[in-house]
Amino acid sequence: MPKTKAQRIVFSLLMAFAMVYGMELYNQALMAGGLKTELFFAPFADIVPLMVAVIVLETLVGGRNAHRLTFRLLDPTKVPALLVTVFMGAFTCWSMCPMMSLVATLAFKQPPADELVATWIQTVAMNFPMALLWQLFVAGPAVRAVMRLLRRIPVLSD
């Protein structure tokens with residue numbers, strides 16, 4: 001877990017990139033009827049504004065909720081660090097997926113007003129399982145591995 005302000009900034013940027021890229025690729029594949037090679041570049045079209053949305057929402061709501069819920073349920077002095085990491089990732093997805101699904105519903109799907117809630121709920125239902133698995137098994141471990149490598153850089157060391 002990041003300890004310094006510089007580490008938190010780098011971690012947030014890397015995690016936002018990993019989650020936005022993975023979820024955009026997933027949603028593009030859903031719309032295309034399956035994953036295709038050309039879709040690997042599609043997420044880059046919208047990556048910056050979606051990363052900004054992720055970072056703002058995670059900073060203001062998602063991260064705070066995840067931290068509060070994790071440490072309400074777990075005592076970090078009595079459980080393995082891995083369990084704290086898993087709970088933080090799961091609760092972050094639990095908070096962030098509905099918010100980012102609303103962003104995506106409004107920005108990309110643009111349903112009529114009378115279908116907004118239904119479209120948003122369907123988007124959450126389609127995205128949450130993938131977001132949780134992507135966070136716990138791909139993005140989270142990959143970003144933490146990159147952070148371990150980057151800690152060798154003096155500005156990011158503890």
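Is Phe87 buried, exposed or partly exposed? Phe87 is partly exposed, with a relative accessible area of 26%, where buried means under 20%, exposed over 50% and partly exposed in between (1.4 Å probe, protein chains only). This is a predicted model, in which local features need pLDDT of at least 70 and side-chain atom pairs count only at pLDDT 80 or more, while totals for chains, interfaces and linings use all residues. Residues are numbered from 1 along each chain as its sequence is written, and side-chain values use heavy atoms, with hydrogens and water left out.

**Aromatic pairs**

- The whole structure holds five aromatic pairs; rings of Phe, Tyr and Trp (its six-membered ring) pair if their centres lie within 6.5 Å, and planes under 30 degrees apart count as stacked, over 60 as edge-to-face and the rest as tilted.
- Tyr21 and Phe44 form a tilted pair, because their ring centres are 5.5 Å apart and their planes stand at 45 degrees.
- This pair links distant parts of the chain, 23 residues apart: Tyr21 is in helix 1 (residues 5-32) and Phe44 in the loop between helix 1 and helix 2 (47-73).
- Helices (H or I, at least four residues) are DSSP runs, numbered from the N terminus.
- Tyr21 counts as buried at 17% relative accessibility, whereas Phe44 is partly exposed at 42%.
- Phe87 and Phe91 make an edge-to-face pair, with 6.0 Å from centre to centre and 70 degrees between the planes.
- Both Phe87 and Phe91 lie in helix 3 (residues 81-109), four residues apart, about one turn of the helix.
- Phe91 counts as buried, at 18% relative accessibility.
- One aromatic cluster consists of Phe17, Tyr21 and Phe44.

**Largest pocket**

- The largest pocket has about 1100 Å³ of space; a pocket is an open set of points on a 1 Å grid over the protein atoms alone, where a 1.4 Å probe fits, with protein on both sides within 12 Å along at least five of seven lines.
- Its volume is the space filled by probe spheres set on the points, which are joined across faces, edges and corners.
- It is lined by 40 residues, of which Met15, Val54, Glu58, Thr92 and Met96 are the closest to its centre; lining residues have an atom within 4 Å of a point.
- Helix 1 supplies the largest share of this lining, 13 residues.

**Second largest pocket**

- About 200 Å³ of space lies in the second largest pocket.
- Among the residues that line the second largest pocket are Glu24, Asp46, Phe108 and Asn127.
- Helix 1 gives the most to this lining, with five residues.

Note on methods
Helices (H or I, at least four residues) and strands (E, at least two) are DSSP runs, numbered from the N terminus.
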